Amino acid sequence: MKQEDIYQFAMDQALELIILFESDGKIIYANESAKNQLEYEELCGRFIEDIFPGEFRNVNINLETDYEFGVKVREMTAYRKNRTCFPVRTRMLRWEGNPGTYICMAYDISKVKFLEKKAVNAGTEAEAAEKVKSEFVANVTHELRTPVNGILGNARELMSIETEEKKLRLLRLVERGCNDMHAIINNILDFSKLEAGKFILEPRKFNLRNMMDYVKSNHINKITEKGLEFFVTISPEVPEYIIGDELRIVQILNNLISNACKFTMVGKIVVEVVKTAQIDNRIELFFLVIDTGIGIDKADVDKLFKSFSQVDASISRKFGGTGLGLNICKQLVELMDGNIRVESEPGRGSMFCFHIWVEVPQEEMEHQKEVMENNAPQNILQSLSDIEKNQDIWEYGKAENREEIRKKMSKLILSVEMENWEKAEMFAETIKQLTKDAPGEVKSVALRLKMAVQKGDYEKVTTAFETLQGII
């Protein structure tokens with residue numbers, strides 16, 4: 001088969017329209033697709049302006065057009081024989097091998113245009129539906145708050161004058177129910193705002209340690225009533241004042257601690273705050289909430305942060321909740337340029353950790369620098385009589401530092417083997433402090449070691465211990 005025949009066959013069988021025309025606009029070739037889609041039995045002898053009247057004009061037997069011939073694709077309107085039309089994407093080229101001849105290649109984009117229009121309409125309808133939903137949620141939550149506040153106010157008024165214990169117990173149940181309803185209403189409203197993209201953070205300067213004291217006071221009574229231990233610690237390198245959305249950080253911590261209390265029957269709950277990174281006046285704060293509760297199966301961990309999701313239906317029946325709290329926490333943390341995750345095993349408790357980025361006021365940065373330079377030895381468990389030695393011990397990489405880490409690691413693993421987790425936790429904290437100026441890999445392993453000790457997880461402790469031992 002000749003090469004010309006191959007080209008002819010390819011053009012005839014092409015799915016797109018292919019039309020060749022001369023400088024006066026007369027069509028000299030059209031493939032089968034062009035004839036079929038334009039509904040002509042024969043196109044040869046007709047003119048290109050019959051197909052594209054808006055683009056080409058025949059003036060004094062000369063073809064005029066504003067079209068710039070070349071490789072650029074352009075959307076045009078093609079007209080059929082019966083003068084109905086349809087949109088096409090077109091490319092027109094000058095035939096270099098045959099001067100005075102032009103090639104038009106086009107394909108029908110009617111379906112594409114239809115789908116684009118449908119997508120735009122769907123987007124408009126979705127926006128309208130979202131607006132209606134947001135307004136509905138806002139109105140419903142407002143309407144719900146009014147009767148709930150009325151019930152709560154009357155219940156508290158009765159509690160102030162009632163003396164009979166049985167009636168007081170019933171009134172306390174009413175008060176608790178109203179408080180639970182308030183929490184549900186607030187979660188639904190927050191969720192609606194977050195989903196609609198209308199949630200705005202309100203950062204301001206506040207005292208972090210006062211905030212943590214407030215968080216602790218919110219939960220300590222309920223936790224101790226269950227016979228649980230409750231520890232809140234803040235690493236010394238964390239600034240006293242930061243700039244962030246205090247209300248939302250408290251909301252996240254309250255949710256995580258409430259869940260820890262809800263799902264922990266015996267043992268303890270530990271909350272810790274550490275600084276993990278700093279870029280100029282921005283710092284990364286890492287929050288840990290660790291409990292010795294019922295734990296979660298690894299297969300169910302992914303369900304935790306989804307909307308309206310519980311690990312299983314029995315959780316909701318036994319402990320309550322809408323399944324919105326952790327999803328809201330996740331979205332709030334992401335708004336603060338961080339993320340949240342969980343490590344858990346059934347019967348071994350859970351560890352929720354999240355990190356956020358906040359700003360440090362200028363005066364606080366200067367104060368922190370002064371504290372770190374002048375008061376660092378006060379944060380270590382060493383005698384102040386030998387300052388130079390202490391400085392070598394706490395400067396990562398020095399021989400004294402490495403030797404001290406090895407000693408503390410030996411004592412830590414011995415404490416773990418004897419199941420003295422409280423003592424092991426003390427050594428783990430010392431190791432973390434000894435590696436606070438170490439490269440990121442070392443700091444990360446030291447932090448994982450302490451987390452594992454706090455959870456009482458023997459396997460993870462030994463794994464982290466061996467990893468750190470190999471590095472040191």
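User: Which residues does S235 touch, not counting residues up to four places away in sequence?

Analyst: This is a predicted model, in which local features need pLDDT of at least 70, side-chain atom pairs count only at pLDDT 80 or more, and totals for chains, interfaces and linings use all residues. Residues are numbered from 1 along each chain as its sequence is written, and side-chain values use heavy atoms, with hydrogens and water left out. Contact means heavy atoms within 4.5 Å. By that rule S235 touches R209, E272, V273, V274 and K432.

User: Is S235 buried or exposed?

Analyst: S235 is found in the loop between β9 (229-234) and β10 (241-244); helices (H or I, at least four residues) and strands (E, at least two) are DSSP runs, numbered from the N terminus. Buried means under 20% relative accessible area, exposed over 50%, and partly exposed in between (1.4 Å probe, protein chains only). S235 has a relative accessible area of 3%, so it is buried.

User: How far apart are the end C-alpha atoms of helix α13?

Analyst: The expected span is 1.5 Å times one less than the number of residues. Helix α13 (residues 421-434) has 14 residues, so it should span 20 Å. The end C-alpha atoms agree with this, at 20 Å.
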